[in-house]
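Biologist: I would like to go through this model with you. Let us take it one question at a time.

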Amino acid sequence: MNGEHPSVIICGVKNEQSLIKQMNYLISNGVQFSIFKEPDLGNELTALATAPISGAARELFKKYQLIK
């Protein structure tokens, strides 16, 4: 990563459908990630985490608003 450090960014979505949409965005852009499902909610998809992102790949995340 050439001296860069990865960022940790937490984003919230309204529901599982929105999370699936974001997951498909990551897939279409070749971003590796892991998913998390909640057994107490019928195994619903509740979160995902990407592999560390650096360099030009950070541009894929510019659409997400950061806390100001």
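The questions below go from the overall fold to single residues.

Biologist: What kind of model is this, and how are residues numbered?

Modeller: This is a predicted model, where local features need pLDDT of at least 70, side-chain atom pairs count only at pLDDT 80 or more, and totals for chains, interfaces and linings use all residues. Side-chain values use heavy atoms, with hydrogens and water left out, and residues are numbered from 1 along each chain as its sequence is written.

Biologist: In what order do the elements of the protein chain run?

Modeller: Helices (H or I, at least four residues) and strands (E, at least two) are DSSP runs, numbered from the N terminus. The protein chain has 1 helix and 2 strands. From the N terminus on, the order is α-β-β.

Biologist: How do E1 and E2 run, and how many bridges join them?

Modeller: Strands pair if DSSP finds at least two bridges between them. Within this pair, Glu38 stands opposite Glu44, and Phe36 stands opposite Ala47. E1 and E2 run antiparallel, joined by 6 bridges.

Biologist: Which residue in the hairpin of E1 and E2 takes a positive phi near 70°?

Modeller: The hairpin has 5 residues between the strands. Asn43 also lies in that loop, between strand E1 (33–38) and strand E2 (44–50). Phi of Asn43 is near 65°, a positive value in a residue other than glycine. The residue with phi near 70° is Gly42.

Biologist: Is Asn43 buried, partly exposed or exposed?

Modeller: Buried means under 20% relative accessible area, exposed over 50%, and partly exposed in between (1.4 Å probe, protein chains only). Asn43 has a relative accessible area of 45%, so Asn43 is partly exposed.

Biologist: What share of the protein chain is buried?

Modeller: The protein chain has 68 residues. Buried residues make up 15%.

Biologist: Which residues form the largest nonpolar core?

Modeller: A nonpolar core is a set of buried Ala, Val, Leu, Ile, Met, Phe, Trp, Tyr and Cys residues joined through side-chain atoms within 4.5 Å. In soluble globular proteins, nonpolar side chains tend to be buried together. Here the largest such core has 6 residues: Leu26, Val31, Ile53, Leu60, Phe61 and Tyr64.

Biologist: Which residues does Leu26 touch, not counting residues up to four places away in sequence?

Modeller: Contact means heavy atoms within 4.5 Å. Leu26 belongs to the largest nonpolar core. Its partners are Val31, Phe33, Leu48, Thr50 and Phe61.

Biologist: Where is Thr50, and is Thr50 buried or partly exposed?

Modeller: Thr50 is in strand E2. Leaving aside neighbours within four places in sequence, Thr50 is in contact with Leu26, Val31, Gln32, Phe33 and Phe61. Its relative accessibility is 33%, so Thr50 counts as partly exposed.

Biologist: Why does Gln22 count as buried?

Modeller: Gln22 is in helix H1 (residues 16–28). Not counting residues up to four places away in sequence, Gln22 touches Val13, Lys63 and Tyr64. Gln22 counts as buried because its relative accessibility is 17%.

Biologist: Where is Val13, and is Val13 buried or partly exposed?

Modeller: Val13 is found in the segment before H1. Setting aside neighbours within four places in sequence, Val13 is in contact with Ser18, Leu19 and Gln22. At 40% relative accessibility, Val13 counts as partly exposed.

Biologist: Which charged residue sits over the ring of Tyr25?

Modeller: A charge sits over a ring if NZ of Lys or CZ of Arg is within 6 Å of the ring centre and within 35 degrees of the ring normal. Tyr25 lies in helix H1. Tyr25 counts as partly exposed, at 22% relative accessibility. The charged end, 3.8 Å from the ring centre, belongs to Lys63.

Biologist: Which side chains meet in a salt bridge?

Modeller: A salt bridge is a side-chain nitrogen of Lys or Arg within 4 Å of a carboxyl oxygen of Asp or Glu. By this rule the count is 1. At 3.4 Å, N to O, the pair is Lys62 and Glu59.
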